[in-house]
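Start with the model itself.

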Amino acid sequence: MGLTISLYAFTLSALLLSAKAAPAHPPTKCPNGKSVKNAQCCVWFEVLDDIQENLFDGGECGEEAHETLRLTFHDAIAFSPALTSQGQFGWLHHAVPEELAFDANEAIDEIVERQKTFVAKHNVTAGDFGSLELQRRPAPRVPHGSPDASAPAPDGLVPLPSDNVDAILARMSDAGFSAPELVHLLASHSVAAQDGVDPSVPGSPFDSTPDTFDSQFYVETLLKGTAFPGDGRDAGEVESPLAGEFRLKSDFELARDNRTSCEWQAQIADHNKMMMNFKKAMAKMAILGHDPCRPPHLPAGKTIDDIESSCATSTFPSLSADSGEETSVPPV
């Protein structure tokens, strides 16, 4: 099953939700005939049609799809509560030359420049564009309303292939991801290749089926390495098992570390589960640094006296109350 079908099929064929917590109102009919809960969401059908045809060459798994996956990760993972770095605000689309020069962002400037034209054309934020660009259709669980970045992320927040497992897991944990979730995200390497780790062999894929989003990457990373495809002098590389295939040192070690090896192996056994795991991890990445949901609250017209609590062992949580006319809930 190729990326054209399987990666884009991660999303659900339903209506967009806005991250701005807009009041409930009747559905809006978009110019293309689709119905959405918020008129602000209509533009995303236009964006999707445009990028599928003109960025991804009609939905093909080509270089732009590979690089878009990489860009999405690099942009989002630059989220650190410890450093108060913002995360998925589309900063790389506004990046100054110094940030594009970070080692981790080597050669990412080309896809940034390609995507900036679509962001400007449709007058959307880069943060929203980044959360939507790998979908075949607008989805109900990818919220929108992200502002653009106000400052670039500091260097060092994107894991490098030369990093050891301890450093990688610590960095991912700081961003809110568990060791299994990291393994799930690395499914993206099934449709990826390297250019800058070893410039002598640009375009070297990480598995033997780089045009197919599948579990083969997890299999081949566990095969015994026998040779380097290029000069083999790079800190982020180890021997690969097949001629022409490139193996990152980080992938090699994660596949064999006792904190990640069992989850790594589990991705091989169930292709559909692997796809769902990746979908969930990417959806989480899309909202790093954002809170897409309002905290629990009392609807307008209600007070704490209207709560019928039956719990005798603890007090009811303190809630804020909406102001205005009493809430009325329309049908969906």
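## Burial and the model

A residue counts as buried when its relative accessible area is under 20%, and as exposed when that area is over 50%; partly exposed lies in between. By that rule, both C30 and C42 are buried. The model shown is predicted.

## Overall fold

The chain holds twelve helices and ten strands. It has 332 residues, and 43% of them count as buried.

Contacts reach across the sequence. Take those with a separation of 6 or more: 65% of them join residues 24 or more positions apart.

## The disulfide

How many disulfides does the chain have? The count is one. C30 and C42 form it, with their sulfur atoms 2.1 Å apart. That distance meets the cut-off, because a disulfide needs cysteine sulfur atoms within 2.5 Å.

The two partners are twelve residues apart, and the pair links distant parts of the chain. C30 sits in the loop between β1 (28–29) and β2 (35–36). C42 lies in the loop between β2 and α2 (43–54).

Which hand does the bridge have? The torsion about the S-S bond of C30 and C42 is about -85°, so the disulfide is left-handed.

## Two further cysteines

C262 has 64% relative accessibility, so C262 counts as exposed. C311 has 43% relative accessibility and therefore counts as partly exposed. C30 and C42, the disulfide partners, are both buried.

Key. Residues numbered from 1 in each chain as written. Predicted model: local features only at pLDDT ≥ 70, side-chain atom pairs only at ≥ 80, totals over all residues. Heavy atoms only, no water. Helix = DSSP H or I, 4+ residues; strand = E, 2+ residues; numbered from the N terminus. Buried < 20%, exposed > 50% of the residue type's maximum accessible area, 1.4 Å probe, protein only. Contact = heavy atoms within 4.5 Å.
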